[in-house]
Structures are given as C-alpha cells and as structure tokens.
Amino acid sequence: VTLTKTDGDIKIVKTFIIDNYGINFTTKVYNNNGPVNTDYLILLGENFGTSTKDTHVGAVALINDKIKTDSDIGQSDRLSWIALEDKYFCIALYNNSLLSGGFKQIDSNKYIYVNLNTQKSINAYAGPKSTSVISNYDPKLDRIVRFGTFGFIGKPLLYVLKYLYSLVGNYGLAIILLTFLIRLVFYPLTYKSFKSMKQMANLQPQLKELQLKYKGKPELLNKATMELYKKHKVNPLGGCLPILIQIPVFIALYNVLLNAIELRHAPFIWWITDLSSKDPYYISPIIMGITMYIQQKLSPSTLDPMQAKIMLFLPIIFTIMFMGFPSGLVIYWIANNIFTIIQQLIDTKIINAKSK
C-alpha cells in the first residue's frame, strides 16, 4: 500500500508492505531537487485494551535483553523491540538492528516511539501473542509471551500442551493429559510426602503425651520429640520439602492456563465452549470444590480438631474464588484433585501393606 502527500515542492511517500501479521513501513521525502534525508518518529499509543489484575496491559520493551514495562522503559538506543500489549495481542516495532526510542508523554497522552530517518525502514508485528506465530517474524519477539517468574518452566509446559492437543484435538483433554504427566513425573516425591505425613499423623497421640508430660519444659519437650522422631525414623519436614519442589511447576502451569492464547475460544465439552472464560453455569468450580473436600478428607492430618474444622472451609472458599477463573484452569484443578485422590488411595494400600 502506497500513500502519497504533496505540499508545494515537497512530496512524502509512505509504503506499507503487509504479510499476514507483519508490516514493513518506509517513509521517503522528496523535493524538486530529489530525495531528502530527514529524521522522524513513529508513535504508538496510548490505549491498548482494558487493564486487568492478572496480566499486563500497556507498553513493553526488550532493552539489553531485559523486559521493561511502561515508564520503566524510559529512553534507550538499545531496543531490540518495543510494543503495546494486552492479554492476548500486541503490536510491536522491531528491526534487524537495535532501535532508538522509548516511552514518553506528550501533553496528556502517553506514547511509545521509535526514532527513524528516511533511509531506514521499520518492521511491525500486529497479531496474537503466540510463540509459534510470533517467532516466525523475529526470534527475540517471542519474549513478549511471558508466564511470570517461572516462565522458563511455563514455555516448555505450553509446548507439551500444544503437542498433546495435536494428538487429541481438544485442549480440555490436553490439559487433563498434561496434569496426569506432571503427577506421574512427581509421583516419587508426592509418595514420599504422603508417607511422611501419614507417619507424622500416626505419631500424634505420642506427641500429645509428651506435651502433657513436659508441659512448661520446652527444652525437655524438644529433646524428647526429636528422640521420638529418630526412633521411628520420621523427618518432620519430609512432608513439606517434596511439595515445595513442585510449587514452581504448579505456578508456571497456572500462568500458562491463565494467559495462553491457545485456550482463547477453545471448546471442551457441552456447556464449556471457551476454556479462557469462566464456566457460565459454575458447574466445574462446584465439582472442583467437591473433589478438593474428598482429597482433604483422605489426607493424613496433624492438626487439632478445631484447626481441622477450619480447614474444611477451604473447599468452599476455593469454590467461590474459582467461579471467576478461566474454565481451563478449573479443569486442571479438578484433574489434579482426582489424580491426587487416586494416588492417595493407592499409596495408603502400599504403606499399609508394608507396615504389616
């Protein structure tokens, strides 16, 4: 597309070459004596969607191989790219070499900008924040797809999710299969954690006896408690450490299911027609709450009766909280709860058989 403006002896020619989501933009200035070399700015901004609490909306740039957003961008001559983004889409300016530009406020409006001159062109990408699509235009531009602190784990998980989708043709089923694979990988750790929790639960009567025996004598109580743990070969942290190791993976997957464009408008079954939107009838959050309650009842507990009763309110709290979450995330949580319940039943049989 070529646009021309003539003003007296001056002629300005803007050329747009469009290739799907990619745009190459060139500006030429002429006077009667021929081409004119002059500098100009490309401005983008300011609004780009509605800001949400779970994702960034606004300006973002890659400067010195680091992601910066909004006013933190400042001005730099080391821009790999600069863009406006919302949850699922972006428009980015980039080139084969580093750009000069940044973030500025003009009057009451905020803009991102790039410095250019009539001897250079600029590339733009305007489309979905999908790594498989965006990397075809610029390898570094896929850094705009971010999944939080543990994004380095999230991107491989997304790759596996997309591969599973290519096998089953349904992202809901792919989420369930991915959840199963994660549970399978972490099975040795979760078994160790469950076994330790069960051992701790079995020692609760003896621990209460020690607390009564050494009431008001904390040093003697600590010594007797450690001797009890040593005698029964129980590590009081054994139930926590395996779970802590898994937390980064769960957080990464949470962010993937919350932000991946692949789930946008992706159907699952029956009433769930968009895995990126909440369940319109709140059926899946209720199922999630029920499975969470069952899982909680099957888990060994070292809490006193009052604390145990308080913990029973957690499924209700989570059910209410998950009513506004994307369906894909709720399906993951349901699948994770169900696989955990099955594993707890299997582990209980194994542990009981070994103790006989």
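W333 is partly exposed, with a relative accessible area of 24%. By partly exposed I mean the range between buried, under 20% relative accessible area, and exposed, over 50%, with a 1.4 Å probe and protein chains only. This is a predicted model, where local features need pLDDT of at least 70 and side-chain atom pairs count only at pLDDT 80 or more, while totals for chains, interfaces and linings use all residues. Residues are numbered from 1 along each chain as its sequence is written, and side-chain values use heavy atoms, leaving out hydrogens and water.

The rule takes rings of Phe, Tyr and Trp, for Trp the six-membered ring, and pairs them if the centres lie within 6.5 Å; planes under 30 degrees apart are stacked, over 60 edge-to-face, and the rest tilted. By this rule there are 13 aromatic pairs.

Another of them joins F150 and F152, and this pair is tilted, at 6.4 Å centre to centre and 55 degrees between the planes. F150 is partly exposed at 24%, and F152 is exposed at 61%.

Y332 and W333 also belong to one aromatic cluster, together with Y254, F318, F322 and F325.

Which helices pack at about 155 degrees? They are α8, residues 283-298, and α10, residues 314-322, with axes 8 Å apart. Axes are lines fitted to C-alpha atoms over the stretch in contact, and the angle runs from 0 to 180 degrees between N-to-C directions. α8 and α10 are therefore roughly antiparallel, a term for angles over 145 degrees. α8 passes α10 in a right-handed crossing, meaning that the near helix is turned clockwise from the far one by less than a right angle. From α8 the contact, heavy atoms within 4.5 Å, uses P285, I286, M288, G289, M292, Y293 and Q296. From α10 come L314, P315, F318, T319 and F322. By type, nine of these residues are nonpolar, three polar and none charged, with Gly counted among the polar ones.

Last, the whole chain. The protein has eleven helices and eleven strands, taken as DSSP runs of at least four residues (H or I) and at least two (E). Of its 356 residues, 42% count as buried. Among contacts between residues at least 6 apart in sequence, 61% join residues at least 24 apart.

Technical notes. Angles under 35 degrees count as roughly parallel, over 145 as roughly antiparallel, 65 to 115 as roughly perpendicular and the rest as oblique.
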